[in-house]
Amino acid sequence: MTSALSDPTLERNFKGHRDVVTSVDFSRNMKQIVTGSMDSCVMIWNLKPQMRAYRFDGHREAVNSVQFSPSGHLVASASRDKTVRLWVPSMKADSTEFRAHTATVRCVNFSGDGQSLVTASNDKTIKVWTVHRQKFLFSLNQHINWVRCAKFSPDDRLIVSCSDDRTIKLWDKNSRECIHSFFEHAGFANYVDFHPSGTCIAAASTDHSVKVWDIRSHKMLQHYPVHTGMVNTLSFHPAGNFLITASSDSTMKILDLVEGKLLYTLHGHQGPVTCVAFSRTGEYFSSGGSDEQTSEASDHMNRKDSQTTAHTRSFSCNGSHSRAAHASSHREPTVSPSPTQQSPSKRLQQPPHQDQEAQSHPPERGVPSGLTNTLEHIMGQLDILTQTVSIIEQRLTLTEDKLKKCLENQIEIGRHLQRKEED
């Protein structure tokens with residue numbers, strides 16, 4: 001997939017999970033695909049048809065996220081059982097368990113050098129770990145609701161996260177400070193990731209749209225309201241010119257970021273599409289979901305019918321095969337970008353000194369800039385207020401614990417004196 005995109009064709013189905021497929025990733029050498037599922041299993045699929053798949057059982061509850069390390073020698077998984085595991089992708093299925101989160105772990109991501117992991121959790125924290133020493137390093141704590149996703153930037157200097165508190169936060173990894181917050185007004189982001197250039201981020205939102213933001217000017221570059229259900233995840237093509245999205249409306253969309261338009265709509269799943277990922281070369285992408293009618297909320301996708309299998313679908317983007325017997329795609333008509341669907345062909349790859357052009361870009365249509373600034377200020381103040389309340393609650397809890405200990409000590413002293421008197 002270079003300057004022109006050939007029609008995607010279905011290459012192969014992988015069947016083996018017993019519940020919704022929640023996450024998918026390709027190994028760098030293109031020999032394996034890893035998937036995670038609500039059936040609590042991690043599966044490694046060998047792309048050579050004659051080689052069997054590996055099933056890794058270790059998590060006690062649903063697996064929410066999986067990823068190959070950059071070298072391909074490790075696989076990380078995050079689970080509802082509050083743990084993160086590092087696996088060796090071989091028949092032995094050796095794994096190491098990481099524990100520090102106090103609630104469901106929703107996302108796991110390797111740094112570009114493979115030395116660190118970042119995780120996002122329902123405990124409202126983002127945690128960074130060292131892979132070599134297999135130890136927890138530090139937490140990022142400013143979100144005030146569940147954290148859905150956290151990703152390293154391509155140069156590993158930044159971390160981006162998204163939360164049910166309707167914010168997308170940009171963090172400096174070294175200073176551990178939040179350097180900017182983007183605000184979602186109509187919903188919250190399920191998933192967020194960096195553009196391969198590192199200058200932009202894209203967010204998949206519950207308001208059925210995808211937004212692309214410039215992290216230098218902090219302005220929205222593009223807005224794609226292309227789905228009819230919430231957008232669960234997205235993946236950038238390695239070249240940076242295309243973006244694929246997966247939605248609960250049972251479709252995937254390929255967006256042309258250069259032209260700022262919808263390029264393809266893909267119908268390959270009977271139900272919500274919960275994960276999608278391009279291969280490292282960009283020649284293939286793979287998707288997973290539940291191939292039955294289910295609720296839009298992924299947390300309620302537990303399936304009762306053991307005879308129905310979830311699928312991972314692998315597609316070729318080079319047009320060299322024609323095997324789309326179980327999936328269909330259609331090319332969208334060419335349309336000019338609207339004010340909320342701007343072409344970032346220059347902005348996504350522009351050098352820093354051209355930021356003035358991006359800064360002059362107007363905000364979303366229909367929302368005055370003054371009102372936007374006021375709303376962002378109010379959200380920031382509410383954020384501070386909520387954090388203050390949270391700190392007060394923590395202090396009250398500590399005080400209550402101390403009072404409880406004092407009372408227990410007094411009761412124990414009283415009993416001790418009583419026993420002395422009786423003697």
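This is a predicted model: local features need pLDDT of at least 70, side-chain atom pairs count only at pLDDT 80 or more; totals for chains, interfaces and linings use all residues.
The chain has two helices and 29 strands, where helices (H or I, at least four residues) and strands (E, at least two) are DSSP runs numbered from the N terminus. Residues are numbered from 1 along each chain as its sequence is written, and side-chain values use heavy atoms, with hydrogens and water left out.

Let me begin with the chain as a whole. Of its 423 residues, 53% are buried, buried being under 20% relative accessible area, exposed over 50%, and partly exposed in between, with a 1.4 Å probe and protein chains only. The accessible surface of the chain comes to about 19800 Å², and 49% of that belongs to carbon and sulfur atoms; these areas come from the Shrake-Rupley method with a 1.4 Å probe, and for residues only the protein chains shown count as cover. If we take the contacts between residues at least 6 apart in sequence, 50% of them join residues at least 24 apart, a contact meaning heavy atoms within 4.5 Å.

Now to the sheets. Strands β10, β11, β12 and β13 form an open, antiparallel sheet in the order β10-β11-β12-β13, two strands being paired if DSSP finds at least two bridges between them. Because β10 (105–110) and β13 (135–140) stand at the edges with a single partner strand each, one side of each has no neighbour in the sheet. Neighbouring strands here are turned by 25° against each other on average, direction ignored, with axes taken as lines fitted to C-alpha atoms (for helices over the stretch in contact) and angles running from 0 to 180 degrees between N-to-C directions. Strand β12, residues 126–130, is joined to β13 by five bridges, and Lys 127 stands opposite Ser 139 in β13.

Finally, we come to helix α2, residues 369–422, where Leu 382 has its place. Leu 382 counts as partly exposed because its relative accessibility is 43%.
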